[in-house]
Amino acid sequence: MWRRRRALLLRSPPSSSSTAASSCQHRRRHLLPSEEPLAVNRLARLFTSQAGSDCGNSQKPFIAFVLGGPGSGKGTQCTKIASDFGFAHLSAGDLLRHEIASGSEKGELILDTIKEGRIVPSEITVELIRKAMETSNANKVLIDGFPRCEENRIAFERIVGREPDVVVFFDCPEDEMVKRLLGRNQGRVDDNIETIKTRLKVFESLNIPVIDYYSSRGKVRKVNKCHGHCR
Ligand SMILES: Nc1ncnc2c1ncn2[C@@H]1O[C@H](COP(=O)(O)OP(=O)(O)O)[C@@H](O)[C@H]1O
Ligand SMILES: O=c1ccn([C@@H]2O[C@H](COP(=O)(O)OP(=O)(O)O)[C@@H](O)[C@H]2O)c(=O)[nH]1
């Protein structure tokens with residue numbers, strides 16, 4: 001059991017990238033200290049009422065970015081929030097996988113990128129999200145798993161012309177995320193140990209800065225009670 005847990009921790013030998021990852025973790029603790037983690041339902045209620053009062057029409061929908069490491073539970077919780085609170089749920093990963101399945105020209109590049117655990121070029125993802133928002137015509141939208149890096153964030157703001165209203169951050173321990181990904185069983189090309197290692201590094205080095213950015217703008221709501229009872 002102990003050996004299994006140790007294996008799940010996936011610590012790489014010391015290297016410049018693991019140093020970068022630990023300094024990111026340090027920065028995360030530094031920048032997100034004061035927020036009390038919220039239960040998902042309370043959070044969803046909170047921004048449902050915000051969507052009702054501030055904005056939230058199909059011309060200018062209420063937008064929540066939902067971020068967190070791979071396997072932190074974004075998709076699971078978004079599905080629940082969408083059905084309980086009437087949000088449209090746009091998963092960036094699902095949009096990319098549909099693009100692969102459609103056999104489009106970009107599909108091959110997207111597939112190769114996902115297999116490696118890297119980030120698909122911003123223009124491709126933002127265009128898919130923009131179209132899906134237009135098609136859904138919803139007044140409140142959860143954008144799940146995007147933006148993955150600062151370049152994604154900047155491209156979204158440029159192309160869609162908006163910032164999100166809130167950013168939900170699922171903060172989950174790395175060993176728990178690895179355990180969940182290895183047990184996800186959806187036949188995904190990226191749920192294998194090698195790609196998972198890259199995805200975790202990419203999350204720490206490129207996605208945490210996006211969370212820090214929105215945190216400095218007071219938009220982040222952290223959820224970290226992600227063990228069992230919030231399912
Ligand atoms: N709170 C939880 N406790 C245990 N397992 C969970 C929990 N939330 C999600 N899972 C499981 O973990 C895996 C990854 O969850 P998912 O929602 O797909 O994560 P993400 O979208 O962040 O990659 C899925 O198999 C899901 O059923
Ligand atoms: O905005 C996005 C969202 C996803 N991805 C790619 O799709 C993969 C799977 O993302 P998803 O959100 O479906 O799953 P997660 O990694 O969060 O479990 C990522 O590792 C990336 O390769 C991407 O490039 N840009």
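This is a predicted model: local features need pLDDT of at least 70, side-chain atom pairs count only at pLDDT 80 or more; totals for chains, interfaces and linings use all residues.

Helix 5 passes helix 6 in a left-handed crossing. The axes of helix 5 and helix 6 come within 8 Å of each other and cross at roughly 130°. The two helices are therefore oblique to each other; an angle of over 145 degrees would have counted as roughly antiparallel.

Which residues make this contact? From helix 5 come L96, E99 and I100, and they meet G107, I110, L111 and I114 in helix 6. Sorted by class, the contact has 5 nonpolar residues, 1 polar and 1 charged.

Let us stay with helix 5, which covers residues 92–101. Which of its residues are buried? They are A92, G93, L95, L96 and E99. Seen down the axis of helix 5, these buried residues fall within an arc of 165°, so they line one face of the helix. On the other side, H98 and A101 are exposed.

What does the buried set of helix 5 pack against? Helix 6, at 107–116, is one partner, and the others are strand 2 at 88–91, helix 7 at 122–136 and strand 3 at 140–144. Two of the buried residues, L96 and E99, are also among those that meet helix 6. After helix 5 comes G103, and its phi is positive, near 75°.

I now move to the second pair. Helix 9 spans residues 174–182 and helix 10 spans residues 193–216. Their axes come within 11 Å and cross at roughly 140°. Helix 9 and helix 10 are therefore oblique to each other. As for handedness, helix 9 passes helix 10 in a right-handed crossing, whereas the crossing of helix 5 with helix 6 is left-handed.

On the side of helix 9, the contact is made by E174, M177, V178, L181 and L182; on the side of helix 10, by I193, I196, R199 and L200. By class, there are 7 nonpolar residues and 2 charged ones, with no polar residue.

One further residue of helix 10 deserves a word, namely D212. Is D212 buried or exposed? Its relative accessible area is 5%, and the cut-off for a buried residue is under 20%, so D212 is buried. Between D212 and T79 there are 133 residues in sequence and 25 Å in space, taken from C-alpha to C-alpha.

Thank you for your attention.

Technical notes:
Residues are numbered from 1 along each chain as its sequence is written. Chains are lettered from A and ligands numbered from 1 in the order in which they are written. Side-chain values use heavy atoms; hydrogens and water are left out. Buried means under 20% relative accessible area, exposed over 50%, partly exposed in between (1.4 Å probe, protein chains only). Helices (H or I, at least four residues) and strands (E, at least two) are DSSP runs, numbered from the N terminus. The arc is that of the directions from the helix axis to the C-beta atoms. Contact means heavy atoms within 4.5 Å. Axes are lines fitted to C-alpha atoms, for helices over the stretch in contact, and angles run from 0 to 180 degrees between N-to-C directions. Angles under 35 degrees count as roughly parallel, over 145 as roughly antiparallel, 65 to 115 as roughly perpendicular and the rest as oblique. A crossing is left-handed if the near helix is turned anticlockwise from the far one by less than a right angle, and right-handed if clockwise. Ala, Val, Leu, Ile, Met, Phe, Trp, Tyr, Cys and Pro count as nonpolar, Asp, Glu, Lys and Arg as charged, and the others, Gly among them, as polar.
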